[in-house]
Amino acid sequence: MSTENKDIIESKVNITKAPEGIEGAGFFATSLDQVVGLARKNSLWPLPFATSCCGIEFMATMASHYDLGRFGSERLSFSPRQADLLMVMGTISKKLAPVVKQVYLQMAEPRWVLAMGACASSGGIFDTYSVLQGIDRIIPVDVYVPGCPPRPEQVIDGILKVQELVGKESLRRRSSPEYKELLASYGIE
Amino acid sequence: MENVTESIGKALHDKFGDALVKQELIVDFPTFTFKKESILDVLTFLYDFEIYKFQFLTSICGVHYPDNVKEEEFCVVYQLNDMVKNQRIRLKVYTSEAKIQVPSVTSLFSTANWLERETYDFFGIEFIGHPNLTKILNMDDQPYFPLRKQYQLEDETRDDKDDSKFGR
Ligand code: SF4
């Protein structure tokens with residue numbers, strides 16, 4: 001590669017750093033965990049589960065001004081079976097709770113969940129008979145983004161937090177007894 | 001509006017006699033209270049009433065008055081419109097908590113189907129003769145009728161709330 005091209009790449013295009021490892025002429029050795037983590041975290045496919053006002057803020061997050069695509073989540077998945085990250089954005093009524101849970105169950109492992117906004121995190125202002133008081137009552141949540149609604153910057157920050165988790169996750173976590181126990185506590189097999 | 005109430009009231013009294021319990025004008029809204037058994041007949045009568053034709057059922061809703069005298073703890077309110085002459089009226093029937101049943105008016109107004117289901121969903125008022133009286137808005141297995149005043153306004157499953165932080 002000519003030095004000129006290399007400069008351009010380094011100045012304009014953000015390329016993720018290689019994980020720690022041993023490098024030599026023609027080879028690079030590192031742990032599988034890190035490589036898989038790196039690949040996963042920079043190509044998250046989010047499934048937007050937007051039910052109310054927070055969903056509008058998510059539209060801004062995806063649009064050109066904030067552009068979540070810059071962080072590797074360009075491709076939204078509208079099928080749970082192809083998604084890595086469930087983003088629940090908005091008020092979840094108790095009647096809708098089984099639907100959220102079913103969507104979560106349809107996602108393949110490994111899957112992550114981000115609760116965006118006060119409503120998804122805790123019921124928010126809707127402290128009432130019809131509203132689920134936080135989606136963590138039915139499915140495990142990895143990252144909470146507070147706010148009513150959170151600004152797109154916060155959402156991006158939340159996604160980066162998810163990426164951090166994804167990047168560091170051990171490949172064995174999903175088959176560990178702790179994880180099974182966590183799912184069992186939500187009544188998920 | 002006084003005389004509108006008077007004239008409708010007179011016609012209703014002539015027709016239904018004692019079934020008309022009370023007539024009043026609340027601000028600009030003629031309101032008539034009936035015995036619950038007569039509600040379908042009253043609505044049928046008003047549908048082809050000679051002065052106003054109340055052919056549009058705007059809403060049905062329930063009200064819970066826990067402190068009312070026995071036999072009158074629950075109220076069902078009907079609001080009707082005459083779209084041609086721009087006149088509206090309100091009809092009320094009371095029912096007791098022990099025998100919480102009111103005749104359905106679905107045979108006259110199709111729109112009453114969902115309205116009565118909603119009223120059933122939130123207050124547990126049973127509409128006798130309704131073709132499919134099931135919950136409509138709340139989840140199917142909700143074990144109680146949430147708008148009855150015997151329940152807390154806030155969600156009862158919360159255990160993380162510190163009253164002192166809510167000024168209580
Ligand atoms: S947290 Fe606020 S903005 Fe978001 S869904 Fe709830 S009420 Fe709407």
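This tour goes through chain B as a whole and then a helix pair in chain A. The model is predicted: local features need pLDDT of at least 70, side-chain atom pairs count only at pLDDT 80 or more, and totals for chains, interfaces and linings use all residues. Residues are numbered from 1 along each chain as its sequence is written, and chains are lettered from A and ligands numbered from 1 in the order in which they are written.

Select chain B. Its C-alpha atoms fill a box of roughly 60 × 35 × 30 Å along the principal axes. Colour by secondary structure to find three helices and seven strands (DSSP runs numbered from the N terminus: helices are H or I, at least four residues; strands are E, at least two). From the N terminus on, the order is α-β-β-α-β-β-β-β-α-β. Of the 168 residues in chain B, 26% are buried (20 or more other C-beta atoms within 10 Å of the residue's own, with C-beta atoms placed from the backbone). Contacts are pairs whose C-beta atoms, placed from the backbone, lie within 7 Å; among those in chain B between residues at least 6 apart in sequence, 50% join residues at least 24 apart.

Next, select residues 32-41 (α2) and 152-168 (α6) of chain A. The two helix axes come within 7 Å and cross at roughly 155 degrees (axes are lines fitted to C-alpha atoms over the stretch in contact; angles run from 0 to 180 degrees between N-to-C directions). The helices α2(A) and α6(A) are therefore roughly antiparallel (an angle over 145 degrees).

Show side chains at the contact. G37(A), L38(A), R40(A) and K41(A) of α2(A) meet Q163(A), V166(A), G167(A) and K168(A) of α6(A).

Methods: Parallel < 35°, antiparallel > 145°, perpendicular 65-115°, else oblique. Contact = placed C-beta atoms within 7 Å. Buried ≥ 20, exposed ≤ 12 C-beta atoms within 10 Å, placed from the backbone.
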